[in-house]
Every structure is written in C-alpha cells, then in structure tokens.
Amino acid sequence: MKRFVSLKTLGHSFMWGAALALSAVAPSFAAERLNLRFGPFEQSIEVADLEQFAQSGKVSTSLQLYTAILTPEFRKALTSRLELDPNLGTRIVEDLLKSPSGQQVLNSIRQAAPELSLETLQAGFWLAARQANQLDAIGVIKAIPQDTVTIDVTQALGIASQLNFSYWKTQGIQSLLTNSLPAGNPGFRAELDPSAPGNQPVREQFFSFFDDQRNRQLPVDLYWSSTNPQAPLIVIAPGFEANRKFLTYLARHLASHGFTVAAIEHPFVTRGGALPALNPDRLVPGTEFIDRPKDVSFLLDRFAELNQQPGELQGKLNTQKVSMIGHSLGGYEALALAGAELRIDELRDFCRESGLLERVPADWLQCAAAELPQNRISIRDPRIVQAIALNPAIGQIFGKEGLKSVATPTMILTSTDDRLAPAFTQQLQPFLQLPTPKYLLTAIGTTHLSVSDPGNFSGAVAQGTLVKERRGKEVEPLRRLLQGVTLAFVQQATPAAKTYQPFLTPDYARSLSKPELPMRLNTELPENITRWLSLASVF
C-alpha cells in the first residue's frame, strides 16, 4: 500500500514550523496519509519519496515541486536523533514524557495534530525508543499505528517557536533570575506617582509623510499637550507587522506629562507584495534593517521643518534631543540609532551554521539582513539621546561586541516567557555588552506582547493562535510599571532628572510587583547570572 503525505501550499515560514513539528511530531510520516493543512489548500505526495529524501537527500520527480523547502536543514530536522542507553532508553523517555516540560511539548504537538491522542503520541515515542534505542522523526513515525494524521501548519509554527534551545535556556535560568536579581526593599514611598496620568490634556494629530527617494509612505500619530519645548521628542517604533497603535496607552501617558510623542508606522514591505514564498529567513528584505531606522531619521527631518513653520507645533518639536522607544524589531531600531554597530559578517556565520533548533523567530527576521553586502554598518543618528528597547530582537545582528558602540543611556525590557524573542539570547546576553548607564527591566512570566495596548491587537500572533500570549488585565501591573519607569527614564534628559531618579530603582519595581507577576529593575546582573550567560554562549 502506498503512503501519502499531503503538503499544503504555504509560505516557507510555515514550512519551517512544519519541519520542526515533523521532527518532533513524528507520527506524521507513520500514517498512511498526512494532511498538512493551511487554509483550504492540500496536495499529496508519496511518503516513500519523502523517506528517501530523509535517508539519502535524493529528491524524486514527484517532489521536484517542493525543492525550495527540501533543504539540507529540513532533512537534518527529519534525521536528527537522540541516542539512548540500551539499558535505560525507555525509562528515560518515559520519565521525560511524564515531566512538566515533556507534557508541555506533547500538548503543543497535539494542538498541531489534534487527531492524535496523548496515549498514541506517548506510545510512538516509547516504542521507537524500545525498538531502536534512539529517537528520530522517522523512527517515531513508524511506531504510530494510525492511518491518517492532519497537521495544522499554523499551529506547527507555534511549535517551532517553542522547540528551540534559546527558549529552554531562558526557562532554565528563570528561577535564577527570580531569586538572584535584587528585588528591592518593601515599603517604597514617594510624593508623586509616575505611572499615574499627568495633568495635561492630550491632543492627537495624524500625519502621513512620503519619502520620494526610498518610495516609502510613513503614517505617524502625534500625541502632544502644552509641550515643554526643551523636553525631548519621543519616537515610538513598533515591531514586525505591528502598527503605530501598538503602544498607544504609553504614548498618551507620556504626552499627559508634557512630552510630544510620535508613533511611527513602517511600511509592511515584502518581496512582490506578499510574504516571501519559501524561506523564513527572508520574511522581509534585508534592506529593511537599514530602511526602518532611516524612516525615523526621515521623520525627524520632517518634524524639524514643522518646528520652524507657523502653527500650533512651532517651537515644540525638539528634534535635536530625541528619546527612542521600540518594541521587538523596533527595539533593534532604537539601539541601532543609538549607535550599536551591525555586525553582518558575524550574522552571516550564524545564519549559515546554525540549525533549526538553534534559531528562534527573532533569528528568522535577523537572518534576512545577512544578504546585505557590507560587513559592518553604523546607522547612528546623533539626535537620539536615549533608547528604550522592549523585548528587542537583537540576539545576532550586533554580533558579540556591536552593542558596545551604543552612545546613549539605554533600558531593556525582557520577558521570561517570550517565545518569539527569548530573553536568553535576545536580551540578557546582549545586555552584558551595553555600556553604562543602562537598566534591565525583567518581568517574570510575561510574554512578547504583554506590554502592548490591550485595545489594539491584530494578527495571528497577537491573538495567540501561533504562540500563547499573556496579555490583558493579568499583566496590567507590567504596563503600569512600564509607564512609570519610561517617564522616569525620559525625564533624565530634563531638569527634573533628580526628582524622577528614585523610580529607576529595584525598590520602585518591587512596589508594583505582584506574587504572580514578579518584576525587577536593575542596572547590572549578579555575578552568578553573568557567569551562566557567558558560559552558555559557547555551547
């Protein structure tokens, strides 16, 4: 009897998720028929041909249509194996599958392959371990006694973001962060509350600028009040696929305290106007890593012109002193504009040599920049005098020393349950490079989108269909703390710096922490954590 695999017409980013799912969700190939479902599209290929590819790398005639996804990395995902002690193999697998981490992986797999029962899945792993004293995708697949399995590729992408070494390293260090980061003293008291709204009414104004030279349309929301012309202008940049409303609550909060805030929206630039067909490392053109920071510099040029023109904003746009706030890919922008040097040569090495389980979604974005022709790039804008990077995606693009060139005070937010830009490689290790003054805001148990505006969610990631996001009322203390420390941070560039300095301390962070949501604010990492991060970076 022939066995068939049904592959969907899908983007390469989803196929990478499927590849990881298939390498962990072995049952797919054991079935007589595998349905990889992405929307309404399906197409069948013979499993024997796919098995031949896994074993020899040979692509049969029937698989020619899929050569773009049948890469050496995909094959590696199918054939990677865990060798087991013949005397202990089944016991090890049994204990692993019963552990909380193992149960979490199994439950994630079942979300992508809902027709598989937990018992069937466990049996496949156990039988494969018993029969071969090793675990690999094909071996587990052959141990699953089920004719047809359907895999939801959207959910498979979520599994891809969960099954990575960086995320599990972060989980391993989470208790160390909780117990080792100075928590501050209880009983913090202050005469003012920086997390409370200011006393100035906020006005909002929409602008749309067009850069003729680069053919880029840039919508901008401006939030302002009776602005102090000496205060820095604040620019907020969202992450990949997010819009200018992503941090609306923070923009309004800062404007109510007298700052002018510009929330920019970058063009969603893709190749040919759609997601790149078959490569997660090409989700955006590599030039976006240059164009997005340049969008901010272009915006400052236009605002500088407005500042000189008659009107309500004349003299109120301090474009020579700018505080930059960015989330995720926007966090990269903030640090690049603050002076971090892009180390494209080191990024190319990582993208060429790393395997699937060594990458996270943030790396998929960064690897797009590997196509840039330069080895080292600096796009610093000297008008940026402060940088705040929230859950930044910066793990590889600045290399091992590029962040040492940052020329401004910085603040980094890291969330320990962030699966898209895991804390370990994307924030904690990079934080060690940054020069002082610097601050690390650590939120234990929060996720990539926990800081976003609750009323402005959109897209599959935001809705939690790809990865589970902790958002809404349960993480309100984090958003409140972010309002307070952000205001205190930007006030350091004003005459009110001394008044707000107490709110950049562990004591203030502790005052807003909850038992179910511990939060820390520190200027350095303890030696035991630093040693762990440095040691882990060589593996």
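These legends walk through a few close-ups of a predicted model.

Local features come from places with pLDDT of at least 70 and side-chain atom pairs from pLDDT 80 or more, whereas totals for chains, interfaces and linings use all residues. Numbering starts from 1 along each chain as its sequence is written, and side-chain values use heavy atoms, with hydrogens and water left out.

**View 1. A nine-stranded open sheet.** The strand order is β7-β8-β10-β9-β11-β14-β15-β16-β17, with mixed pairing. Strands here are DSSP runs of E with at least two residues, helices are runs of H or I with at least four, and both are numbered from the N terminus; two strands pair if DSSP finds at least two bridges between them. β7 (203-211) and β17 (519-522) sit at the edges with a single partner strand each, so one side of each has no neighbour in the sheet. From one strand to the next, the twist averages 15 degrees.

**View 2. β14 meets β15, with a helix across β15.** Strands β14 (residues 384-390) and β15 (residues 410-415) run parallel over four bridges, and A389 faces I412 in β15. Helix α16 (residues 423-433) lies across β15 and β16 (438-443), at about 150 degrees to β15. Axes are lines fitted to C-alpha atoms (for helices, over the stretch in contact), and angles run from 0 to 180 degrees between N-to-C directions.

**View 3. S256 in helix α11.** S256 belongs to α11 (residues 248-256) and is buried at 5% relative accessible area. Buried means under 20%, exposed over 50%, and partly exposed in between, using a 1.4 Å probe and protein chains only. The S256 side chain reaches the backbone nitrogen of G198 at 2.7 Å. Leaving aside neighbours within four places in sequence, S256 is in contact (heavy atoms within 4.5 Å) with P197, G198, N199, Q200 and V202.

**View 4. F209 against F303.** The ring centres are 5.8 Å apart and the planes are at 85 degrees, so this pair is edge-to-face. Rings of Phe, Tyr and Trp (its six-membered ring) pair if their centres lie within 6.5 Å; planes under 30 degrees apart are stacked, over 60 edge-to-face, and the rest tilted. F209 comes from strand β7 and F303 from helix α12, so the pair ties together parts 94 residues apart in sequence. Relative accessible area is 13% for F209 and 0% for F303, and each counts as buried.

**View 5. An aromatic cluster.** F188, Y500, F503 and Y508 make up one cluster. Y500 and F503 have ring centres 6.2 Å apart and planes at 55 degrees, so they are tilted.

Conventions: Polar contact = N/O pair within 3.5 Å; in protein donor to acceptor, adjacent residues only side chain to side chain.
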